[in-house]
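Here's a quick briefing to read alongside the model. Keep the viewer open and hop between chains as you go.

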Amino acid sequence: MANLSSSKPDFSGQTALAGIASSTSANPDGGAIGLVFGEMAHLGKLNLRGQNGLAKAVKAVTGCTFPPKANRFQSAGDRHVVWLGPDEYLLLCEAGKEQELQDSLHSMITSSHFAVTDVSDSLCALSLRGPAVRAVLAKGCGLDLHPTQFAAGQSAQSLLALSAVTLMAVADDAFILICRTSFAPYVQRWLADASLEYGYQYIA
Amino acid sequence: MLIITCPFCGPRDEVEFACGGEAHIARPLADHKISDADFADYLFMRDNPKGLFLERWRHSAGCRRWFNVARDTVSNEIVEIYPMGSLPVKTAAKTTYKTSWRRDTAAEKAATPSRSKAGGSK
Ligand SMILES: [Zn+2]
């Protein structure tokens with residue numbers, strides 16, 4: 001593990017959903033598949049705390065406009081900056097890039113009061129897509145998920161079937177769902193169960 | 001189910017929040033000597049009123065930030081939501097703060113820095 005910043009990232013470690021190794025699907029009623037979902041394995045995740053002097057560095061490093069408004073996220077390609085609180089953000093990046101991003105932020109941020117923490121393995125990101133995605137999520141979440149109330153670009157931290165999640169609406173029919181790594185197998189199974197009536201495909 | 005308006009995230013379901021109990025309980029400072037009985041007012045004694053109550057709440061499943069809520073324990077009406085470290089401004093909530101038995105306790109008086117010490121810094 002020496003020299004993290006220059007060595008090629010090692011992806012031999014298990015992901016949060018490594019225990020669910022095979023892809024599964026079920027579509028008892030036939031027709032179009034309602035939900036296609038899978039883990040965004042090894043997605044880089046950084047927690048950023050701080051209030052002042054962050055915008056320039058975050059913009060330069062991620063390409064995203066900063067700060068995002070409350071309950072929203074900003075995107076630039078594969079990189080996202082999600083609002084988590086008045087002085088807290090979640091940075092998402094391509095797998096293996098998180099160390100590089102963390103180093104750049106440390107060297108570029110001029111404020112003396114900030115923290116960048118690598119939480120890549122603490123959280124599990126799932127990609128959800130399909131015409132039934134909102135109906136499935138609404139089964140376990142108290143948020144108003146109608147496309148007019150939770151449009152693309154909006155995010156929220158809430159509960160999904162009692163587990164703490166961050167939801168990001170990427171499009172009308174596409175979400176990124178982030179949960180605790182320890183809850184990931186539960187969330188995966190809950191999603192498979194909740195989407196059964198619409199037909200689902202889980203991609204391992 | 002209550003809908004509570006988080007000052008940062010907006011209106012959300014009560015299940016996303018955790019109640020932290022009575023607000024405005026100041027810890028007696030170490031350089032004030034008070035009796036164990038007086039310290040117990042700070043440490044153990046909690047109000048349980050029928051009516052308006054000033055409480056701390058945390059948006060535990062959301063932004064995880066603390067804030068104060070003035071809530072009526074009979075009707076569940078939320079009269080005011082205001083930041084940590086500040087006092088309510090709505091008349092009813094202000095009165096609740098001012099008339100609390102806690103304002104007269106030795107523990108609360110001992111939570112204010114003594115004048116001689118405060119005067120020395122500037
Ligand atoms: Zn909140």
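**Ground rules**

- This is a predicted model, in which local features need pLDDT of at least 70, side-chain atom pairs count only at pLDDT 80 or more, and totals for chains, interfaces and linings use all residues. Residues are numbered from 1 along each chain as its sequence is written, chains are lettered from A and ligands numbered from 1 in the order in which they are written, and side-chain values use heavy atoms, with hydrogens and water left out.

**The zinc site in chain B**

- Four side chains hold the zinc ion at 2.0 to 2.5 Å: Cys6(B), Cys9(B) and Cys63(B) through SG, and His59(B) through ND1. Donors here are N, O and S atoms within 2.8 Å of the metal (3.2 Å for Na, K and Ca), and since water is not among the atoms, sites may look incomplete.
- The zinc site is tetrahedral, with angles of 103 to 121 degrees among its 4 donor atoms; for four donors that label requires all angles to lie between 85 and 135 degrees.
- Along the chain, the zinc donors are spaced as C-x2-C-x49-H-x3-C.
- Cys6(B) sits in strand β1 (residues 3-6) of chain B and His59(B) in the loop between β4 (52-58) and β5 (66-72), so to speak a link between distant parts of the chain, 53 residues apart. Helices (H or I, at least four residues) and strands (E, at least two) are DSSP runs, numbered from the N terminus.
- The cut-offs are under 20% relative accessible area for buried, over 50% for exposed and partly exposed in between (1.4 Å probe, protein chains only).

**The open sheet in chain A**

- Chain A has an open sheet of 5 strands in the order β4-β5-β6-β3-β7, with antiparallel pairing. Two strands count as paired if DSSP finds at least two bridges between them.
- The edges belong to β4 (73-76) and β7 (114-118) of chain A; each has a single partner strand, so one side of each lacks a neighbour in the sheet.
- On average, neighbouring strands of this sheet are turned by 20 degrees against each other, direction ignored. Axes are lines fitted to C-alpha atoms (for helices, over the stretch in contact), and angles run from 0 to 180 degrees between N-to-C directions.
- β5 (residues 79-85) and β6 (residues 88-93) of chain A run antiparallel and share 5 bridges. Trp83(A) is opposite Tyr89(A) in β6(A).
- β3(A) is joined to β6(A) by 6 bridges, antiparallel, and Arg49(A) has Glu88(A) as its bridge partner in β6(A).
- On to β7(A): 5 bridges join this strand to β3(A), again antiparallel, with Leu48(A) partnered by Val116(A).
- β3(A) is mostly covered, with 6 of its 7 residues buried.

**Helices across the sheet**

- Helix α1 (residues 55-62) of chain A lies across β3 (44-50), β4, β5 and β6, at about 145 degrees to β5(A).

- Gln157(A) is in strand β9 of chain A and is buried, at a relative accessible area of 7%.
- Contact means heavy atoms within 4.5 Å. Not counting residues up to four places away in sequence, Gln157(A) touches partners in both chains, including Trp83(A), Leu84(A), Arg12(B), Glu16(B) and Cys63(B).
- A polar side-chain atom of Gln157(A) lies 2.7 Å from the backbone oxygen of Leu84(A).
- Asp144(A) is in the loop between α3 (133-138) and β9 (155-160) of chain A, partly exposed at 46% relative accessibility.
- The Asp144(A) side chain reaches the backbone nitrogen of His146(A) at 3.1 Å. Leaving aside neighbours within four places in sequence, Asp144(A) is in contact with Gln149(A) and Phe150(A).

**Chain B overall**

- Chain B has 4 helices and 6 strands, in the sequence pattern β-β-β-α-β-β-β-α-α-α.
- Its C-alpha atoms fill a box of roughly 45 × 35 × 25 Å along the principal axes.
- Of the 122 residues in chain B, 37% are buried.

Notes
Four donors count as tetrahedral if all angles lie between 85 and 135 degrees; four count as square planar and six as octahedral if opposite donors are over 155 degrees apart and all others between 65 and 115; anything else is irregular. A polar contact is a pair of N or O atoms within 3.5 Å; within protein, one must be able to donate a hydrogen and the other to accept it, and residues adjacent in sequence count only if both atoms are side-chain atoms.
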